[in-house]
Amino acid sequence: PDPPQDLRVSGVTPTSLSISWSPGFDGGLPQSFLVSARGPGAPPPSALLAPGHALTLGGLLPATPYDVTVRARNARGDSAPVAVRGVTSGKMAAEDRKWRGAGKRGRERK
């Protein structure tokens with residue numbers, strides 16, 4: 001297949017990046033998309049298989065740049081990769097900070 005087109009970061013939070021793209025020519029075969037992200041000091045990325053043209057990557061660190069790569073895949077193989085850099089936003093909401101730092105006792109409260 002041809003590589004995806006118009007890869008862009010369509011949403012940002014402190015712990016996630018939403019990305020979207022337009023599919024390239026699929027060669028007449030069904031295609032899916034392999035998405036991976038790599039941040040500073042991170043281990044080699046695992047690829048996620050996305051059936052559609054958008055994906056939200058969660059569990060990321062605040063105020064951190066990530067290089068996101070997408071390639072199309074069909075029965076004939078993988079396309080060349082396309083890449084975009086996204087940066088998570090810098091501050092978590094106060095509620096998130098309390099939850100993450102509350103410890104076991106804080107998680108038990110309702």
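S16 counts as buried, at 13% relative accessibility; buried means under 20% relative accessible area, exposed over 50% and partly exposed in between, with a 1.4 Å probe and protein chains only. The residue sits in the loop between β1 and β2. This is a predicted model, in which local features need pLDDT of at least 70 and side-chain atom pairs count only at pLDDT 80 or more, while totals for chains, interfaces and linings use all residues. Residues are numbered from 1 along each chain as its sequence is written, and side-chain values use heavy atoms, with hydrogens and water left out.

**Around S16**

- Setting aside neighbours within four places in sequence, S16 is in contact with G11, T56, L57, G58, L60 and T88, where contact means heavy atoms within 4.5 Å.
- S16 and V87 are 71 residues apart along the chain, and their C-alpha atoms are separated by 9.1 Å.

**The chain as a whole**

- Two helices and eight strands make up the secondary structure of the chain; helices (H or I, at least four residues) and strands (E, at least two) are DSSP runs, numbered from the N terminus.
- Along the sequence, the pattern reads β-β-β-β-β-β-β-β-α-α.
- Of the 110 residues in the chain, 30% are buried.
- The chain has an accessible surface of about 6900 Å², and 53% of this belongs to carbon and sulfur atoms; the areas come from the Shrake-Rupley method with a 1.4 Å probe, and for residues only the protein chains shown count as cover.
- If you take the contacts between residues at least 6 apart in sequence, 57% of them join residues at least 24 apart.

**The largest nonpolar core**

- In soluble globular proteins, nonpolar side chains tend to be buried together.
- Here the largest nonpolar core has 14 residues, of which L7, I19, W21, F33, V35, V68 and V70 touch the most other members; such a core is a set of buried Ala, Val, Leu, Ile, Met, Phe, Trp, Tyr and Cys residues joined through side-chain atoms within 4.5 Å.
- Strands β2 (17-22), β3 and β6 (65-74) each supply at least two residues of this core, and β6 gives the most, with four residues.
- V70 touches P4, L7, I19, W21, F33, L34, V35, A80, P81 and V82, not counting residues up to four places away in sequence.
- F33 belongs to strand β3 and is buried, with a relative accessible area of 1%.
- Beyond four places in sequence, the contacts of F33 include P4, W21, L48, H53 and V70.
- The C-alpha atoms of F33 and L48 are separated by 8.0 Å, with the two residues 15 apart along the chain.

**Two prolines, P3 and P23**

- P3 is found in the segment before β1 (5-12) and counts as partly exposed, at 29% relative accessibility.
- P23 lies in the loop between β2 and β3 and is also partly exposed, with a relative accessible area of 33%.
- From C-alpha to C-alpha, P3 and P23 are 7.3 Å apart in space, and 20 residues apart in sequence.
- Not counting residues up to four places away in sequence, P3 touches G24, S79, A80 and V82, while P23 touches Q31, F33 and H53.
- P23 and G52 are 29 residues apart along the chain, with their C-alpha atoms separated by 9.0 Å.

**Positive phi angles**

- D6 has a positive phi of about 55 degrees although it is not a glycine.
- Strand β1 is the place of D6, which counts as exposed at 53% relative accessibility.
- A63 has a positive phi too, near 50 degrees, and is a residue other than glycine; A63 is found in the loop between β5 (54-57) and β6.

**The largest pocket**

- The largest pocket has a volume of about 190 Å³, a volume being the space filled by probe spheres set on grid points that are joined across faces, edges and corners.
- A pocket is an open set of points on a 1 Å grid over the protein atoms alone, where a 1.4 Å probe fits, with protein on both sides within 12 Å along at least five of seven lines; lining residues have an atom within 4 Å of a point.
- The lining has 15 residues, and A37, R38, P45, S46 and L60 lie nearest the centre of the pocket.
- Strand β3 (residues 32-38) gives the most to this lining, with four residues.
- By type, the lining residues divide into ten nonpolar, four polar and one charged; Ala, Val, Leu, Ile, Met, Phe, Trp, Tyr, Cys and Pro count as nonpolar, Asp, Glu, Lys and Arg as charged, and the others, Gly among them, as polar.
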